[in-house]
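Dear colleague,

I am passing on the structure we spoke about, and I would be glad if you could look through it before reading my notes below.

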Amino acid sequence: LVGMARQIARTLDVPVVSTLSGEDGFVDRLPEPYASQARAALGQRCRELAALVQASQAGAKQTAALRGLGECKRVQAAKAIAHGLAAAKAPALAIAWANAAGRVASSWAWQAMVRQSPARAAEALDVRTVAARAIADALAAQTDAEVVEELVQSLQMTEHPQALSMLNDARAKTDAAGHARLALAAKRFAD
C-alpha cells in the first residue's frame with residue numbers, strides 16, 4: 001500500500017493511512033544492498049501517507065519505519081507520532097517515537113523548507129506545536145532515563161517558542177518526580 005499511496009490519494013482525493021505489516025518479511029529476505037534500498041524506499045514513500053499507524057512492537061524494523069515517518073514533515077504525521085508517543089510503554093518504542101517527534105519538528109529542517117517555500121510557515125509552526133506538546137506530555141509520563149534523555153533532545157530539536165510553557169502545562173499532570181524531570185528539561189531547553 002505504501003508504494004501506491006500517492007496514486008490512490010490523487011485518484012480518490014482522500015488521505016491514505018497505512019501500516020507496515022507484510023513488508024518486513026519480504027524485505028528481510030532480500031540480499032544486500034537491496035534490503036537497505038527497500039527500507040530507504042519505504043521511508044521515502046511513507047512521506048506520501050497521511051499517517052502511518054503502529055501495528056505492533058516490531059523492534060528494529062519499526063524503528064526504521066518511525067524514522068521515515070519523522071521525515072514526513074506533515075501535520076498528519078506529527079499527529080500520528082504524538083498518538084504513538086502517548087501510547088508507547090516499552091522504553092525502546094518510546095525512544096523511537098520520541099526520535100520521530102524530534103525529526104518531524106526539527107526547526108533546522110523546517111527553516112530550510114520555509115526558505116524554499118514561505119507558504120509552508122504556518123504548517124511548520126503547526127507541526128512543531130503538535131510534536132512539542134506531545135514531547136512535553138511524554139516527559140510528564142515517562143520515567144525511564146534513556147527515554148527522558150531522548151525526549152529532551154527531541155524537544156530541543158523543535159526549538160518551539162512555547163516549549164517552556166508546554167513543559168509548565170505538563171507539570172500540572174504529574175507528581176514530584178515528574179516535576180523534577182520537567183524542571184530539568186526546561187533548564188536544558190533554555191540553555
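Predicted model: local features only at pLDDT ≥ 70, side-chain atom pairs only at ≥ 80, totals over all residues.

Most peptide bonds are trans, and most residues other than glycine have a negative phi, so the backbone exceptions are taken up before the packing. A cis peptide bond, with omega of about 10°, joins Glu32 and Pro33, and Pro33 itself is placed in the loop between helix H2 (23–28) and helix H3 (34–46).

For Glu159, which lies in the loop between helix H9 (145–158) and helix H10 (163–171), phi is about 45°, while a relative accessibility of 41% makes Glu159 partly exposed.

Turning to the packing, helix H8 (residues 121–141) and H9 meet at an angle of about 155°, with their axes 10 Å apart; since angles over 145 degrees count as roughly antiparallel, that is how the two helices are related. The crossing of H8 with H9 is left-handed. On the H8 side the contact is made by Arg128, Ala132, Ile135, Ala138 and Leu139, and on the H9 side by Val148, Leu151, Val152, Ser154, Leu155 and Thr158. Sorted by class, the residues in this contact of H8 with H9 are eight nonpolar, two polar and one charged.

Technical notes
Residues numbered from 1 in each chain as written. Heavy atoms only, no water. Helix = DSSP H or I, 4+ residues; strand = E, 2+ residues; numbered from the N terminus. Buried < 20%, exposed > 50% of the residue type's maximum accessible area, 1.4 Å probe, protein only. Axes fitted to C-alpha atoms, helices over the stretch in contact; angles between N-to-C directions. Parallel < 35°, antiparallel > 145°, perpendicular 65-115°, else oblique. Left-handed = near helix turned anticlockwise from the far one by under 90°. Contact = heavy atoms within 4.5 Å. Nonpolar A, V, L, I, M, F, W, Y, C, P; charged D, E, K, R; others polar.
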